[in-house]
Structures are given as structure tokens and as C-alpha cells.
Amino acid sequence: MRSKLFCIACLSVMIGCCANSFGQDTLSLTLPQAEQRFLQKNFVLLAQKFNVNLAEAAVEQAKLWDNPNLQVELNAYNPNTGGVFPLTNATGDPNNPSGGAYMFQLQQMINLAGRRSKLVSLSQTGVELQQAAFQDLMRSLRFQLAQSFGNLSTEQKQMKMLQLEEKQISTLLTAFKAQLTLGVIPEYEVTRLELEQKNLGSAVKNLSDQISQDQATLRILLVQNGQTYIEGVIEDKQEVSPLPSLNQLLESAYANRPDLQVADKSVLYNKQNLTYQKALATPRLMLGADYQRFGSAYPSFWGLQAAMDLPWKNRNQGNIQAAKIGIEQSGQNLNQAKLQVEQDVTSAYQQLQHTLALKSTFTPDYIQRIQEVSKNATDNYAKRTIDLISFIDKIRAYKDAQLNMIDLDNQLFQTQQQINFVTNTKTF
């Protein structure tokens, strides 16, 4: 009887996997599918896109000429006749009019020193800056999406592993409790299994909390309302052969990193701003024409006007000096950005090399031997050639090895996504 119960309990250790404990509303996605949803719906990206539109609107505004100014003046009161708004000259005497006095004036402001064209060029560079900033934000959010997606997929695989282990221990514990009532086994073995069951329950709880956090992060990135359970599906083929060299990755990063483009465009923007500020030092010219009826030296007066501010004290010196400082500052930022790109790529490449080196130690022979650990432990414990402590130790070793291999796959996935991020190139 005891041998039969042991065989039933121990063979159950090798059976099935628990069903998913989450809700039925499940959304299964691969990373490319998740990225497509992200690009179409993410609120932060859509909001940043408006900054590009605003910059484009600034270009259109910079192209516009100043509107002409029209002034009209009428005589409101004639003190000689006491007339209010005398619109006509009743006496017909131009030298002593009784009314009909009015004045028209038309003026146009003219920008000198190419001020308008320089502002257009400055605004166009502003558009390019916003476009590069948009691409950099998209790069960062896509990396966050890939990180969360990879972690979630790994945690879900680990959860299945822990749930299977939890079910196996529960089945074994049920069998042991039945034997305990028969007095076949000592009580400490049941207590030891209960302790193992509670440890697994705590691990499942902690992993469930982490899954919930990653689920929330992905729902925000994908704009997925409600409590939809997202199932991350990582494609098995993760390696690229041959791997690109460090120099190739650096070249890709220098050519494609939007944050580097932002730094480079900032230098150009500040140079154009200096040119524009110098143009502002030249005053604008106002040209105009006017006609006065009974309001000047003779009854019908036609005049031309020209006006300009005299650049005596204010020659825009402060803004010109600030623009020069801006050029030096943006130049230093560009140097920092280049150094950052170099170190980002170098570090990511080294991490990939380390991960690949570690993964190469997981040979097919090692993996096969790990698979046999659980089966051998079950068979030996069924034959009572090992005690309960040894059995649990071997089952734990098998579980830890499986979890470590799952985690290593995620490390490789994350380092590959890091390469994509630091180069802004779809290398993997």
C-alpha cells in the first residue's frame, strides 16, 4: 500500500502544468505587434508630435510679411462754425473751410539686413530639432516597451514553472497526508513539504506582483484600457550571425542616434540665431504715404514718409552676446553627446559579449542532464534510496536551473534590445 501511494505521489511530480490563473480576457502579442500598437496609439508620442506641428507653424509665420498700416482721421469738431463731424465744406472756400477736413495715411514696415529670411532659416532648423527630439522620445519609449515586454514574457514563463512546481508539491503533500493518517510516514516529512509549499506560494505571490506592475506599464504604453491580461510572446530566434563588429555599431549609432542629431542641430540653430540677432541690430525701415484735406499747408496735401529707429544705445548687444555663448554651449553639448554615444555602444556591446559567453556554457549535454535531475530524484525517492531532504534539494536544483535558463534568455534579449537602443538600428 505504502509503495503504491509513493509511486502515485512521485509520478505526479512529472505531470502537466497549471492553467493560467488570470482572467479570460487575454491579449497575446509578439514584440513587433506590440510596437505597431504603440506607434499608433501612445499618448506621449502623439503629444510630442504636436511640437513638430507647432514648429512647422512657426516657419509659416516667419515667412509672412508685416501687414500695412492704414490710418484715417476725420474732423470731429469745427470751432469756427461749431459743427460736429462736419463732413462737407458748405462754404466752398478752401482757405476758410467750414468742414470736409480729413486725412488718410498708409504705412509699411520693411525688414532690412535679411531679417525675415534669417528668421525663416532659424525656424526651419527648429522644425528639424523637434523632429529629432520626437525620434529620440520614440526611441526611448520603444526601448522601455521592449524591456517591459521581455521581462513580462520571462516572468510568465517563470510563473508557469513555479505553478507547476506548486501543483506538484500540493499533489505530493495530499498523498503524504493520507499516508500520515495511516502512520506510514513520520510527521516531519509532511511538515517539511508544507514549508516547501509555503515558500513556493511566497515566490508565486512576489512574481505575480511583478507581473502586475509590468502589465500596467505595458497597458499604458499600448493604451490598453481595463484589466486585459497581456501575454508576451518572444520569438525563439534571437541571435544574429555574424554579429556586427563594434566599429559597425558605432558607425550606425553616429549616423542614426536622434539625440546626437539634436545636439548637432542645436549647434546649427545657435549659429543661425547669432546671424539673426545681428540682423536685428539693423533697424527696420518704415515707408508710407499720406493725403490730408484741409489739414496742412494747403488744401490738398500729398506726402511721402520714411522712418527708422536710430541705433544709438541699443544695438542688440546683449542678445548677440547670448547667441555667441549659446554656440559655445551647444558645441560642448555636442562633444558630450558624441562621448555618450561611444560609451553607450561600447558598454552595450561588451554586455552582449558577456551574455553570449555565459549562454555558450549551457551546452545541450548540460541541459539534458538538468532535465534528468527531476526524473531521477522522483524515481530514487519512490524507491526510497534518497530521503525527503535530498529529494527536495534535487527538485529545487532542477527548478533553479530551469529558472536560470529562462532568465538567461531574457538577459540575451535585453542586451540585444540595448544594442538596438544605443544604435537606433534594428540590429536584432
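Q: Which exposed residues does the face of H6 turned away from its buried side carry?
A: This is a predicted model. In it, that face of H6 carries Asn 247, Glu 251 and Ala 255. To be called exposed, a residue needs over 50% relative accessible area.

Q: Which residues of helix H6 are buried?
A: Helix H6 spans residues 246-256, and its buried residues are Leu 249, Leu 250 and Ala 253.

Q: Why do the buried residues of H6 line one face of the helix?
A: Look down the axis of H6. The buried residues fall within an arc of 100°, so they line one face. They pack against helix H8 (317-360) and helix H10 (388-423).

Q: Why does Leu 87 count as exposed?
A: The relative accessibility of Leu 87 is 59%. The cut-off for exposed is over 50%. Therefore Leu 87 counts as exposed. Leu 87 sits in the loop between strand E4 (83-84) and E5. It also belongs to a nonpolar patch on the surface, whose residues have about 950 Å² of accessible area together.

Q: Which strand gives the largest share of the nonpolar patch?
A: E2 does, with three residues. Strand E2 (69-74) and strand E5 (102-110) each supply at least two.

Q: What makes E7 and E8 a pair of strands?
A: Pairing needs at least two bridges. Strand E7 (residues 285-293) and strand E8 (residues 300-308) have nine, in the antiparallel sense. Therefore they count as paired. In one of these bridges, Met 286 partners Ala 307 in E8. E7 and E8 form a hairpin with six residues between them.

Note on methods:
Residues numbered from 1 in each chain as written. Predicted model: local features only at pLDDT ≥ 70, side-chain atom pairs only at ≥ 80, totals over all residues. Heavy atoms only, no water. Patch = residues over 30% accessible without salt bridge, like charges linked within 9 Å, V, L, I, M, F, W, Y side chains within 5 Å. Areas by Shrake-Rupley, 256 points an atom, 1.4 Å probe, with all protein chains shown as cover. Salt bridge = Lys/Arg side-chain N within 4 Å of Asp/Glu carboxyl O. Helix = DSSP H or I, 4+ residues; strand = E, 2+ residues; numbered from the N terminus. Buried < 20%, exposed > 50% of the residue type's maximum accessible area, 1.4 Å probe, protein only. Arc of directions from axis to C-beta. Contact = heavy atoms within 4.5 Å.
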